[in-house]
Amino acid sequence: MTDLSAFIRGLPKAELHLHIEGSLEPELMFELARRNRVALPFKTVEEVRTAYAFSNLQDFLDIYYQGAQVLLTEEDFQDLAMAYFRRVAADGCRHVELFFDPQTHTDRGVPFQVAVDGLLAGMKAAEGAFGITSKLILCYLRHLDEDAAFATLKAAEPWLDRITGVGLDSSEVGHPPSKFARVFKASRERGLKLVAHAGEEGPPEYVWEALDILGVDRIDHGNRSLEDARLVERLAREGMTLTVCPLSNLKLCVVDDLKVHPLKRMLGLGLHATVNSDDPAYFGGYLGENWTASATAVGLTRDELVTLARNSFEGSFLGEAEKAQYLAAVDAYVAAN
Ligand code: ADE
Ligand code: ZN
């Protein structure tokens, strides 16, 4: 176990599915609430952690949007990002492609600029402090309408040289990817990469729509793809990256037990799965814990761990030269350990 944890910690790896608002630890939530004079419906950190018992995605989202209300200034967003990067530096994370939900902030009067400039400052500081490279992905909230997503894309215009892509998150069932066909097309035309949460709680049809209607470059989660053999064959043939989140799946009851998590099965089917934390402050583990807990639960081999590390860089939006450097670092580590 210790050997496994140490091997995983040293293995160069990227995180491709991380909602930065989901890295808000209760301690920082209280500190920001005090700093910003925001009232919280909890008295103690312990009370907050006790409230983190979810039976589905919506249960979690309700409390996650509530927590985000303490984020008001650029400094708050920068502190949030730095706390996350400091934590994953200890897990041997080398590159992160982080999501943020601008509408969660603009809808309560926090300007787009405040969130994006704070996060970009945190990303820059983290590269200096920890050597972790990162890219920013703006997510459209799918429970809102497509006009609201278009307004977000418009607000983002001045920052499009510093935003790598757009994603689709929040309540999945009842909000299929096709609802956002036009705004994804407009996003693509602006040179942005495209990703979408699909097949977390929603059916395989949502994954088909993300591929065929949105034209995504990656699928976030994708678990329910396994219910459709033709879809599995398509994803494998195209080398489509799936950003899988084992501890999130456990906490949101997508799986009943980590031992039956489909990660190993996905690799066996030739799917380009990666391991990620989703919302680590809410789901009980950062990147390293997702790797060690799932490796232990489903019995990943050393070769499978190396494949997951390679998948994380190959599926990233890094340029070819940077990808090659990170992949060479994986190879060098494997040769030496
Ligand atoms: N927003 C934050 N985490 C999410 C998840 N796992 N699924 C959908 N939307 C989210
Ligand atoms: Zn997610």
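Author: In this predicted model, the side chain of Thr-243 and the side chain of His-17 form a polar contact at 2.9 Å. Thr-243 itself sits in strand β7, which covers residues 241-244. Is Thr-243 buried or exposed? Its relative accessible area is 0%, and because buried means under 20%, Thr-243 counts as buried.

What does Thr-243 touch, leaving aside residues up to four places away in sequence? His-17 is on the list, together with Leu-16.

Now the backbone. Most residues other than glycine have a negative phi. Arg-37 is not a glycine, yet its phi is positive, near 55°. Arg-37 lies in a loop, with α2 (26-36) on one side and α3 (45-51) on the other. Its relative accessibility is 76%; since exposed means over 50%, Arg-37 is classed as exposed.

Cys-253 also has a positive phi, about 60°, without being a glycine. The loop that holds Cys-253 runs between α12 (246-251) and α13 (263-268). With a relative accessible area of 42%, Cys-253 is partly exposed, because that term covers values between the buried limit of 20% and the exposed limit of 50%.

Terms used:
Residues numbered from 1 in each chain as written. Chains lettered and ligands numbered in written order. Predicted model: local features only at pLDDT ≥ 70, side-chain atom pairs only at ≥ 80, totals over all residues. Heavy atoms only, no water. Helix = DSSP H or I, 4+ residues; strand = E, 2+ residues; numbered from the N terminus. Buried < 20%, exposed > 50% of the residue type's maximum accessible area, 1.4 Å probe, protein only. Polar contact = N/O pair within 3.5 Å; in protein donor to acceptor, adjacent residues only side chain to side chain. Contact = heavy atoms within 4.5 Å.
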